[in-house]
Amino acid sequence: MMVSRIVVDTNIFINVLISKGESNSRKLFRQCLKQKYQPLMGNALFNEYNDVLNRERILAICPLTAEEKTNLLKAFMSICEWIRIYYLWRPNLLDEADNHLIELAVA
């Protein structure tokens, strides 16, 4: 059976970091870690993930320790398929900063 390849935006990762109960974001993240989905990763998205870990607002409300957050990101990155973007589509989404997510999904 072919595993679906998906792009997991940073808003999902933020929710995983700050939510205390079982959320849809946590369920999706867990399914990725169990390799039920194949998350895709690119340079821009990787940089966003790292940025999220150090945002003051996230640090203030995240119940995880720095080590737990790092381990969570490492575990996720270990199962991601790294995708090189060779062509910039620039679909001009309402949130221009999300254009890279479309490029990653298309690549």
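Biologist: Where is Gln35 found?

Modeller: This is a predicted model: local features need pLDDT of at least 70, side-chain atom pairs count only at pLDDT 80 or more, and totals for chains, interfaces and linings use all residues. Residues are numbered from 1 along each chain as its sequence is written, and side-chain values use heavy atoms, without hydrogens and water. Helices (DSSP runs of H or I, at least four residues) and strands (runs of E, at least two) are numbered from the N terminus. Gln35 lies in the loop between α2 (24–33) and β2 (37–41).

Biologist: Is Gln35 buried or exposed?

Modeller: Buried means under 20% relative accessible area, exposed over 50%, and partly exposed in between (1.4 Å probe, protein chains only). The relative accessible area of Gln35 is 52%, so Gln35 is exposed.

Biologist: What is the phi of Gln35?

Modeller: Gln35 is not a glycine. Even so, its phi is positive, at about 65 degrees.

Biologist: In what order do the elements of the protein run?

Modeller: The protein has 6 helices and 3 strands. Read from the N terminus on, the order is β-α-α-β-α-α-α-β-α.

Biologist: How many disulfides does the count come to?

Modeller: A disulfide here is a pair of cysteine sulfur atoms within 2.5 Å. By this rule, the count is 0.

Biologist: How far away is the cysteine sulfur nearest to that of Cys32?

Modeller: Cys32 is in no disulfide. Its nearest cysteine sulfur belongs to Cys80, at 7.5 Å.

Biologist: What is the relative accessibility of Cys80?

Modeller: Cys32 has a relative accessible area of 1%, so Cys32 is buried. Cys80 counts as buried too, because its relative accessibility is 15%.

Biologist: Is α3 roughly parallel or antiparallel to α5?

Modeller: Helix α3 (residues 43–53) packs against helix α5 (residues 66–79) at about 165 degrees, with the axes 11 Å apart. Axes are lines fitted to C-alpha atoms, for helices over the stretch in contact, and angles run from 0 to 180 degrees between N-to-C directions. Under 35 degrees counts as roughly parallel, over 145 as roughly antiparallel, 65 to 115 as roughly perpendicular, and the rest as oblique. So α3 and α5 are roughly antiparallel.

Biologist: Which residues of α5 make the contact?

Modeller: Contact means heavy atoms within 4.5 Å. From α3 come Phe46, Tyr49, Asn50 and Leu53. From α5 come Lys69, Leu73, Phe76 and Met77.

Biologist: What share of the residues of the protein count as buried?

Modeller: The protein has 107 residues. The buried share of them is 36%.
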